[in-house]
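Here is a short walk through a structure for someone who has not seen it before. The text starts with the order of elements and ends with the contact between chains.

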Amino acid sequence: MADRGTRFVNPVDERTGTKIVLTSIGGLYLAFFLFLPLVAVFIEAFRKGAASYWEALVEPDAAAAIRLTLLVAAIAVPLNLVFGVAAAWAIAKFEFKGKAFLITLIDLPFSISPVISGLVYVLLFGSHSVLGPILKSYGIEILFAVPGIVLATVFVTFPFVARELIPLMQDQGSGDEEAALSLGASGWQTFWYVTLPNIKWGLLYGVLLCNARAMGEFGAVSVVSGHIRGLTNTMPLHVEILYNEYNMAAAFAVASLLAALALVTLALKTLLEIRFGAGNAGGRH
Amino acid sequence: MTSTTASTRWRLKEPSIIPGFGLTLGFSLAYLGLIILIPLAGLIFRASSLSASEFLSILTDERTLAALKISFGTALIAALINVVFGVLICWVLVRYDFPGRRLIDAMVDLPFALPTAVAGIALSALYAPKGWIGAWFTPFDIRIAYTPIGITIALIFIGLPFVVRTVQPVMEEIDREVEEAAATLGANRFQTVFKVLLPSLLPAIMTGFALAFARGVGEYGSVVFIAGNIPYVSEIAPLLIVIRLEEFNYAGATAIATIMLVISFAMLLIINLIQSWSRGRYGHG
């Protein structure tokens, strides 16, 4: 502590005044750009009261959108989960040629505009493409139908689980698995009883982020969905339609569900980080 | 790669007793190919079937050029603003202790978790001429929504966590002795921070900038609501792709998508180069 008269200034720290100013600037920036939009969603959602809020969520088109969003996430997330575990196993447990390139390819969807992620499927399955008419003659519709929405969602959420597991499993090495195998465990036993318990929190973390993105994806899904009300509208697309119809209260009511999902995701994610040190942050997503 | 084995025979994979290499790598490659590579190849194939003059005439079309300029310009400005405030927020989060620090730290990830369409309608509710914040500016004849300023605000929202989450872990690992040495040698705090600390953070800052910029260029959901989408004024490139698709102008959509893909791959390459360069120089990414 400082003596009276001579003020001690820690040479490797800032003055208290500077700290307060910097903290305030940072806090204001976050309040303005992050916190305010979040608050706006909930206030706008309840602007017309709880009754009309509830009505906006249970009307048939909204209910259909909620069901479709849950369905799409229920298909896309497990697919990317299986892929993530397989890819992380191959990459973390073995040394092989072209590994770095494979990791780059897995990250690819993060650097592609969501609109382009949708566009590639339109080009592949559209009515003017090679595949589209063939599939259609067998009665299979991909574009402007649920399969297209699932594909586009799988594309944009592709890297989440793999991205989380690869560094985690690389850090853990293969010692535990080698011990289990040398004691006579089979490959599957080793995976279920040794590897899985080691990676479960990282896996949950990846699934959480993957799910949040899967339920909230807008750009890619918007391109492939065809916006058929009650049929191919996910929740974010339903929000867009209501908003463009100037039905603000209803748009924000549905949006508030998605915002609540984001808050739950953030809370669980923070909990996982505090409890288990899952997720080694580093500009991803 | 270990080359301790006597035989220098080329092999795909180093020997290992762990099973499942063929299964996991095979599945990963097949899934990667089906979901990501084949659809992307379809886009490239479609683009290559355009003649060079066709391609050029689409790209030099004034509306395309304007959209690309708006996308890249607003993404650049937003990323620069986020670099300044993102590094400041990192500093506050890493160095200072204050009530609610953990909460604010978690809040930074909100743009990762909040669906882009929700962010989009919330931001336009705030910044529209009659919105919460927009209304303050209307008397001064300043419009935020439906102009590039509005787009920039949306991209600031989207890009902030990329900068913070890339710089934060590197900042946490700064050795305090470096600062002490600088202070002992007579540097004041300002000099220590700007001449000693920030240069060592530069690779991380550049990576965060590149990630935020790349995401901003491709961003769709959070921008389309606040942008107003006026051609030549506030129409972004991803939206122009969607418009071309709705006009069934697949050649136009493909050409714009291809140029955006090429630029984002170049960005990805630059990020990787920065990271491998900084690993060599500073021992961290």
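**From fold to interface**

Read along its sequence, chain A follows the pattern α-α-α-α-α-α-α-α-α-α-α-α-α, where helices are DSSP runs of H or I of at least four residues, strands are runs of E of at least two, and both are numbered from the N terminus. Chain A is more spread out than a compact globule, because its radius of gyration, 24 Å, is well over the 19 Å that the globule rule gives for 285 residues. The radius is taken over C-alpha atoms, and the rule is 2.2 Å times the number of residues to the power 0.38.

This is a predicted model: local features need pLDDT of at least 70, side-chain atom pairs count only at pLDDT 80 or more, and totals for chains, interfaces and linings use all residues. Residues are numbered from 1 along each chain as its sequence is written, with chains lettered from A and ligands numbered from 1 in the order in which they are written.

Helix α10 of chain A (residues 187–216) spans only 37 Å between its end C-alpha atoms, whereas a straight helix of 30 residues would span 44 Å at 1.5 Å a residue; the expected span is 1.5 Å times one less than the number of residues. α10(A) bends by about 55° at Leu196(A), and the proline Pro197(A) follows within four residues. The bend is the angle between axes fitted to the seven residues ending at a residue and the seven starting there.

Between the chains, 83 residues of chain B are in contact with 77 residues of chain A, contact meaning C-beta atoms, placed from the backbone, within 7 Å. Helix α1 of chain B (residues 21–48) gives the largest share of chain B's side, 14 residues.

Technical notes
Contact = placed C-beta atoms within 7 Å.
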